[in-house]
Amino acid sequence: MASYSKLSDLFPIQSQLDYALENDTTQEEKENLVHQYLHKIDEKDDLIIPDFEEGLEWLNTDGPLSLRKELSGKVVVLDFFTYCCINCMHLLPDLHQLEQSYTIEDGLVVIGVHSAKFPNEKVLQNVRSAVLRYDITHPVVNDSDARLWQELEVSCWPTLVVLGPRGNLLFSLVGEGHREQLFLFIAAALKHYREQGLLKNHNVGIKLYRDSLPPSILSFPGKIAMDPSSKQLAIADTGHNRVLVVSHTGQLLHTIGGPSSGRRDGNLSEAQFSSPQGVFIKGDTVYVADTENHLVRKINLSEGKVSTLAGIGVQGTDKEGGAPGPQQPISSPWDVALGNAGTFSGDILWIAMAGTHQIWALFLEDGKLPKGSDSKKGTCVRFAGSGNEENRNNAYPYKAGLAQPSGLALAPTEPWEYLFIADSESSTIRSLSLKDGAVKHVVGGERDPLNLFAFGDVDGKGIDAKLQHPLGVSWDEGSSLLYVADSYNHKIKVVDPKTKQSRVLAGTGKAGNGLGPSFLESSFNEPGGLCLGEGGKLLYVADTNNNCIKVLDLETKTISLFPIAVQQEVDAVFTTSTSSTPEVRKLPKLPKSAPVLTMPSITVSSGQSVTLFLKLALPTGTKLTEEAPSFWSLSAEGNEWLLEGRAVTGSISDLSEPISIVSSIPAAPASPDPTLTLDAWVYCCLSEGGACMMKAVSFKQPLLIGSTSQEGSVAVTLEHAF
């Protein structure tokens with residue numbers, strides 16, 4: 001059996017180079033040192049590493065790659081990463097720039113070696129979604145059992161390992177922030193081996209997975225927020241680098257940014273973002289965590305302008321802050337929430353600063369933080385977190401340790417006055433007191449502050465409850481409950497912070513895209529954000545990897561797909577020259593052959609709900625077509641108040657049971673005799689293959705609303721056989 005090298009064999013040699021580089025100042029001196037080092041490396045024949053294990057799953061390539069075959073004659077950068085890791089994300093711009101500077105034909109190949117931390121990250125489909133979400137265009141191998149990681153004795157994420165044309169170790173860089181060294185090493189290695197005639201210019205069969213995908217309205221939506229006054233929703237359409245503002249019925253009102261990433265303030269039609277995550281909407285203002293631009297932005301809808309409130313546009317390392325927002329470097333803001341600091345007046349925008357594992361405050365008015373000094377309007381400053389990646393709770397906010405905080409929910413009133421935090425890398429929910437700054441544990445994790453591997457999927461109390469990389473939280477003031485996007489468990493959970501009890505609300509625990517019939521039979525795929533609407537009756541979920549928003553009706557216990565219906569493109573200027581451009585798809589018109597069935601009137605009362613049970617039967621010998629999803633659409637022409645707070649469209653994936661669709665009668669109906677219209681489009685094919693067809697039907701359901709207010713629900717079955 002061949003004997004291979006590991007990183008510990010390289011460290012004694014490279015440490016001499018690293019030490020020498022610290023003492024040489026000119027670029028020429030550094031290049032000479034690296035050149036001498038490479039000559040020294042070439043004299044060694046014992047720095048060969050093992051090849052990739054056979055049978056591994058590859059992305060962005062025509063097939064598996066081998067260090068002995070396709071990658072022979074190349075300088076190879078192995079990026080050992082896991083997609084949950086914020087430090088790994090910080091490396092991606094450096095690798096992208098490296099690939100822009102040197103092509104595969106020049107002799108450079110970057111390979112992402114995905115070595116999972118969480119069990120959920122071992123699944124190929126989830127890695128594939130991450131590759132799309134982070135726009136990774138180099139080959140990625142899913143080393144789910146971390147075999148190469150173990151054989152090389154890699155110790156942490158991220159780690160870069162640079163190989164020579166023989167598959168031999170050249171350099172290793174641990175952690176982020178080594179851009180200058182990386183570019184120095186790669187330039188020197190390419191020059192050195194080109195002069196020796198050891199580089200080859202062949203291609204390696206790059207085939208980007210993203211090029212095979214159809215366009216979609218949403219692409220990996222990260223977060224969602226609702227303004228309770230206007231009932232408008234702000235959606236971070238992260239994969240499309242834009243923010244959408246929609247009505248509560250799904251009508252698209254504003255599109256800001258996209259589809260390509262960029263950094264630009266100005267008019268709504270000109271503004272650009274880069275993978276925005278957190279959003280908070282109040283009135284005509286949307287606050288945005290512009291994550292990969294390392295900025296906090298403000299969208300003023302009434303003025304039609306986008307401006308920068310904090311950040312300088314590049315990743316910062318400052319862990320204290322205190323400068324005016326536009327002068328203060330920040331690092332990967334992941335969520336935002338608007339509020340104040342307990343008894344201290346003045347609006348504050350709270351920021352989940354994932355990149356430095358802290359919570360920051362942006363003062364929108366003069367104010368003061370608990371255990372802090374006075375701050376002027378516009379100041380951006382750290383509130384909690386030492387900057388160390390830990391699960392450490394402490395009465396003093398600066399001494400607490402957070403681990404990639406990714407979601408915020410404000411509970412501003414007594415007896416709470418907390419900022420709840422989805423602390424993703426510790427797999428915990430934490431609370432941050434707005435009265436005294438104390439950071440406390442709510443659920444998940446364990447007592448050891450240095451153990452960031454205490455994850456799982458367990459209902460229970462306190463540390464007995466287990467989560468897996470939660471990304472979103474939403475507070476229901478009426479019930480004093482906290483809703484949690486338990487992202488890597490593909491579940492929505494509900495936490496009682498008073499008793500510290502956590503239980504599953506929705507989701508099977510397996511990645512999927514099913515809608516019911518019950519919450520626990522519905523499925524999600526790494527939901528990243530959520531928010532409450534309609535006074536706590538509805539829960540909107542950004543189902544990130546399914547590229548959609550789902551709505552949980554907490555009263556009827558039904559779940560539906562939230563539509564985004566558009567009549568025209570709004571605000572942003574779209575092009576159609578790239579496959580990543582989202583196309584807006586309108587609802588198709590009913591064919592003339594579709595039957596229109598007017599049902600007998602039903603009597604209902606104000607305060608009641610109407611449940612329509614849609615029961616359809618396919619033509620004999622046919623089945624639903626998965627490739628052309630069937631769906632229903634609910635309307636009430638001239639009486640749209642009937643649809644407020646309810647889903648108005650949804651998918652049809654199973655006809656074995658009736659589909660439940662709910663409408664509510666308000667306390668003061670605007671008309672005594674409105675009509676609900678339910679249209680259904682069904683795509684089916686012959687069971688034995690061959691011909692496919694589209695069938696449609698329209699139901700008209702007149703309502704007679706009585707003058708007496710009542711509670712409960714009135715049900716009616718709408719049935720049709722095609």
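Student: In which loop is the place of Pro 259?
Tutor: Residues are numbered from 1 along each chain as its sequence is written, and this is a predicted model in which local features need pLDDT of at least 70, side-chain atom pairs count only at pLDDT 80 or more, and totals for chains, interfaces and linings use all residues. Side-chain values use heavy atoms, with hydrogens and water left out. Helices (H or I, at least four residues) and strands (E, at least two) are DSSP runs numbered from the N terminus, and in those terms Pro 259 is placed in the loop between β10 (252-257) and β11 (266-267).

Student: What is the omega of the cis peptide bond that joins Gly 258 and Pro 259?
Tutor: Most peptide bonds are trans. For the bond joining Gly 258 and Pro 259, omega is about -5°.

Student: What is the relative accessible area of His 490, a residue with a positive phi although it is not a glycine?
Tutor: Most residues other than glycine have a negative phi. Glu 153, in the loop between α5 (147-152) and β5, has a positive phi near 60° and is partly exposed at 43%. His 490 has a phi of about 55° and is found in the loop between β29 (481-486) and β30 (491-496). This residue is buried, with a relative accessible area of 3%.

Student: How far apart are the end C-alpha atoms of helix α3 (residues 86-101)?
Tutor: The expected span of a helix is 1.5 Å times one less than its number of residues. Helix α3 has 16 residues, so it should span 22 Å.

Student: Which elements do the buried residues of α3 pack against?
Tutor: The buried residues of this helix include Ile 86, Leu 91, Leu 92, Leu 95 and Leu 98. An α-helix has 3.6 residues a turn, so residues three or four places apart point the same way. The buried residues of α3 pack against β2 (75-81), β3 (108-114), β5 (159-163), α6 and β17.

Student: Which residues have the most contacts inside the largest nonpolar core?
Tutor: A nonpolar core is a set of buried Ala, Val, Leu, Ile, Met, Phe, Trp, Tyr and Cys residues joined through side-chain atoms within 4.5 Å. The largest core has 58 residues, and its largest share, 9 residues, comes from helix α6 (residues 179-195). A second, separate core of 30 residues includes Leu 643, Ile 659, Ile 705 and Val 716. Inside the largest core, the residues with the most contacts are Phe 52, Leu 78 and Ile 111.

Student: How much space lies in the largest cavity?
Tutor: On a 1 Å grid over the protein atoms alone, a cavity is a set of points where a 1.4 Å probe fits but cannot get out, a pocket is an open set with protein on both sides within 12 Å along at least five of seven lines, and lining residues have an atom within 4 Å of a point. Grid points are joined across faces, edges and corners, and a volume is the space filled by probe spheres set on the points. The structure holds 5 cavities of 30 Å³ or more, and the largest is lined by 21 residues, with Arg 133, Tyr 134, Gln 277, Trp 334 and Leu 471 nearest its centre. The space in this cavity is about 180 Å³.

Student: Which strand supplies the largest share of the lining of the second largest pocket?
Tutor: This pocket holds about 970 Å³ of space, and of its 38 lining residues the closest to its centre are Met 226, Pro 228, Phe 280, Leu 410 and Trp 475. Strands that each supply at least two lining residues include β7 (224-226), β12 (279-282) and β17 (333-341). The largest share, 6 residues, comes from β17.

Conventions:
Buried < 20%, exposed > 50% of the residue type's maximum accessible area, 1.4 Å probe, protein only. Contact = heavy atoms within 4.5 Å.
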